[in-house]
Amino acid sequence: MKEKLIAKFAEVFGDDKDVQVFFAPGRVNLIGEHTDYNGGHVFPCALTIGTYGVARKRNDDVLRFYSMNFEELGVIESSIKGIKPEKEADWTNYPKGVMWAFGEKGYEIPCGMDLMLFGNIPNGSGLSSSASVEVLTGAILREFFGFQVSNQDLALIGQFSENKFNGVNCGIMDQFAIAMGKKDNAIFLDTADLSFEYAPIVLEGAKIVITCSNKKRGLGDSKYNERRAECEEALAQLQTKLDIKALGDLSEEEFEANVGLIEREVCQRRARHAVYENQRTLKAVAALKANDITTFGKLMNDSHTSLRDDYEVTGIELDTLVEEAWKVPGVIGSRMTGAGFGGCTVSLVKDEAIDAFKEQVGKTYLEKIGYAADFYVVEIGDGPVLL
Ligand code: GLA
């Protein structure tokens, strides 16, 4: 892989003098969806698929970018000086956003660079290809310019760039899961204070299967910001009586006793999801620690129902994949993962049921939706590395 990438770099940029090759993973969230901007818990893990970056410093201010995933766009050029988001800059707004964010945090980048990317995460799949590119860029800048930043800082800088440069008000989950990834472990993260714990995922006789709906996110980003605003509205109304900082501070009982403070019915449902999903995540991690994978799976299923009915971020594609998965014997749990509005589902499937799972879910999906889904049996990997 490394040699092939370097050869491609030489073909695109003329030679491969002084290049280094980096990798940052994608992520999948097992449970705890749309809780990270509500001061709740999440339980994601990094994957062994992700984004490769071949990079070298230049002697001038020029930035040259090339993506093997968007070859039709060719080499996209700009300058390290005066970086700002531009529509024509297309995907390069992600690495450029991180360069800009380092500058904002006081880490001046002294020169330009050539950067070629190759991602083996399906684009627009909701496995965080953008956060993967952000953390990758941060890892490259740290290595090239000796910036004293931790992996957790890379996550925060990545999120800052996504929020302020690319205009998506995302929480910290994706960048954190990617920057802090640990092989065979999920990360139990409290987004209220960033305290976290690694939890080994030992699935005896079962695997994590990601099913990609191949529905592109489209309007996803604006809907995402809308959900976030609805949660903020609910929180502000709860705060007129309750001394809480976030929806994640509430138990189910406290929420039900005070839900009447929230004026709009739609905001009540959004907040109900945020509160219950946070509590489900706590229960799921406790079940996992007690080796009770059946309960863990059931909580994943409940998570999907809540995202479908109360949070309304699923849609016919994700619902079809999940509801069909629930029917397959040997499926421990199945739910949408990530922001929703398209993207992927995550399922825990017993080894002997994986073939039947792919066949049955794949067939029904194709019949009902009109195009095929893709299946990936995935492994949990480490955070960013210099290869
Ligand atoms: C996206 C965001 C995350 C998180 C999830 C939903 O992936 O980037 O911060 O909010 O959606 O859980």
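A residue counts as buried when its relative accessible area is under 20%, as exposed when it is over 50%, and as partly exposed in between (1.4 Å probe, protein chains only). The views show a predicted model, in which local features need pLDDT of at least 70, side-chain atom pairs count only at pLDDT 80 or more, and totals for chains, interfaces and linings use all residues. Residues are numbered from 1 along each chain as its sequence is written, and side-chain values use heavy atoms, with hydrogens and water left out.

View 1. Phe-341 lies in the loop between β10 (331-337) and β11 (344-350); strands are DSSP runs of E with at least two residues, helices are runs of H or I with at least four, and both are numbered from the N terminus. Because its relative accessibility is 13%, Phe-341 counts as buried. Most residues other than glycine have a negative phi.

**View 2. The aromatic pair Phe-9 and Phe-13.** Rings of Phe, Tyr and Trp (its six-membered ring) pair if their centres lie within 6.5 Å; planes under 30 degrees apart count as stacked, over 60 as edge-to-face and the rest as tilted. The whole structure holds 19 aromatic pairs. Phe-9 and Phe-13 are four residues apart in helix α1 (residues 2-13), so about one helical turn separates them. Both residues are buried.

**View 3. The aromatic pair Tyr-52 and Phe-118.** The ring centres are 6.3 Å apart and the planes are at 25°, so Tyr-52 and Phe-118 are stacked. Tyr-52 belongs to strand β3 (residues 44-57) and Phe-118 to strand β6 (residues 113-119), so the pair ties together parts that are 66 residues apart in sequence. Tyr-52 is buried, with a relative accessible area of 13%.

**View 4. The largest nonpolar core.** A nonpolar core is a set of buried Ala, Val, Leu, Ile, Met, Phe, Trp, Tyr and Cys residues joined through side-chain atoms within 4.5 Å. The largest one has 44 residues, and Met-99, Phe-102 and Leu-141 have the most contacts inside it. Elements that each supply at least two residues of this core include β1 (20-29), α2 (93-104) and α4 (151-164). Helix α3 gives the most, with nine residues. Phe-102 is also part of one aromatic cluster, together with Phe-22, Tyr-107, Phe-144, Phe-145 and Phe-147.

**View 5. Ile-380 and Tyr-198.** Ile-380 lies in the loop between β12 (374-378) and β13 (385-386). With a relative accessible area of 6%, Ile-380 is buried. Ile-380 and Tyr-198 are 182 residues apart in sequence but 12 Å apart in space, C-alpha to C-alpha.
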